[in-house]
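Biologist: I am new to this one. Please take me through it, and tell me what stands behind each term.
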Amino acid sequence: MSSIYSGIRKRAALKQLAGVFERSEASTGRALPIRKTGRGIWAATPVRVIEEACRTLKDMGILGGGPPGHVIDAGTGDGRLPAVLAWLDPSRLVYGIESDSTLYTQAVTNLHTLDARGLIDAARVTLLEADYCDVTTYETRGIALDQTGVVFNYPDGNERQLARFVAERCEPSTMLCLLTHNRTLELDELERRAYRDVSDGTGPRWRLSLYCRGVASMVAE
Ligand SMILES: C[S@@+](CC[C@H](N)C(=O)[O-])C[C@H]1O[C@@H](n2cnc3c(N)ncnc32)[C@H](O)[C@@H]1O
């Protein structure tokens, strides 16, 4: 019985969390959550798709009790992925990096709101207004790239540059996770180790593809 109540409480908390991002999206006054930024394109992943993707990675042993290491959300937009991760996997450190100052400010506000409501512990999340492909972003803040377990990205045209960065600067086992509605996207810079389809149960399926350059702790396709 208690697990039923805990399930209901979790659904209610996720609804609250999603509501914060829906209101933040609505506050921009745009009909669609999409716009050009200085370095790419902002388009928002539905919160429930992110939740499903993170749960899938937990089931695959990549998040949750899986290998240690922090997570980098490369191009965090309004901070929704760090928020879902801090809610689902609170022991893991997450860095959300965004170059667009308006989105960065929005992400800071959203995470403060969630923290104030007791939905996440914002101390586990660090948001940076910076370029995720610039090594000084990490060096100047003492972020050890060789401790990076997972790099998330919603491809907006910069994914190959990011894949090269991961290949050159991170460990062979660092997993680049691309979550995109473009189900035909291919990357040559790293090897694809697995993929899964995820959806929020109502909209189209999204493709979660996992890439790395090493063979350590691999998951089968
Ligand atoms: C498609 S949006 C995804 C936003 C968010 N991750 C989500 O799923 O809702 C990609 C974001 O990456 C940002 N971006 C692109 N290149 C970047 C770079 N080199 N450094 C930091 N942010 C970047 C863009 O400004 C944009 O907000």
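Biologist: Which residues of α1 meet which residues of α4?
Modeller: Leu17, Val20, Phe21 and Ser24 of α1 meet Gln106, Asn110, Thr113 and Leu114 of α4. Contact here means C-beta atoms, placed from the backbone, within 7 Å. This is a predicted model: local features need pLDDT of at least 70, side-chain atom pairs count only at pLDDT 80 or more, and totals for chains, interfaces and linings use all residues. Residues are numbered from 1 along each chain as its sequence is written.

Biologist: What makes α1 and α4 helices, and where do they lie?
Modeller: A helix is a DSSP run of H or I with at least four residues, and a strand a run of E with at least two, numbered from the N terminus. Helix α1 covers residues 2-26 and helix α4 residues 101-116. Their axes are 10 Å apart, at an angle of about 145°. Axes are lines fitted to C-alpha atoms, for helices over the stretch in contact, and angles run from 0 to 180 degrees between N-to-C directions.

Biologist: Why is α1 called roughly antiparallel to α3?
Modeller: The two pack at an angle of about 165°. Angles over 145 degrees count as roughly antiparallel, under 35 as roughly parallel, 65 to 115 as roughly perpendicular and the rest as oblique. Therefore α1 is roughly antiparallel to α3. Ala13, Leu17 and Phe21 of α1 make the contact with Arg80, Ala83, Val84 and Trp87 of α3.

Biologist: How many of those contact residues are nonpolar, polar or charged?
Modeller: The contact of α1 with α3 has 6 nonpolar, no polar and 1 charged. Ala, Val, Leu, Ile, Met, Phe, Trp, Tyr, Cys and Pro count as nonpolar, Asp, Glu, Lys and Arg as charged, and the others, Gly among them, as polar.

Biologist: What makes β5 and β8 edge strands?
Modeller: Two strands pair if DSSP finds at least two bridges between them. The open sheet has 7 strands in the order β5-β4-β3-β6-β7-β9-β8. β5 (125-129) and β8 (191-198) each pair on one side only. β8 is joined to β9 (residues 206-212) by 7 bridges, and the two run antiparallel.

Biologist: Which residues come nearest to the ligand?
Modeller: Of the 24 residues around the ligand, those are Thr37, Gly40, Thr45, Gly75 and Gly77. A residue counts as near a molecule if its C-beta atom, placed from the backbone, lies within 6 Å of it. β2 gives the most to this shell, with 3 residues.

Terms used. Contact = placed C-beta atoms within 7 Å.
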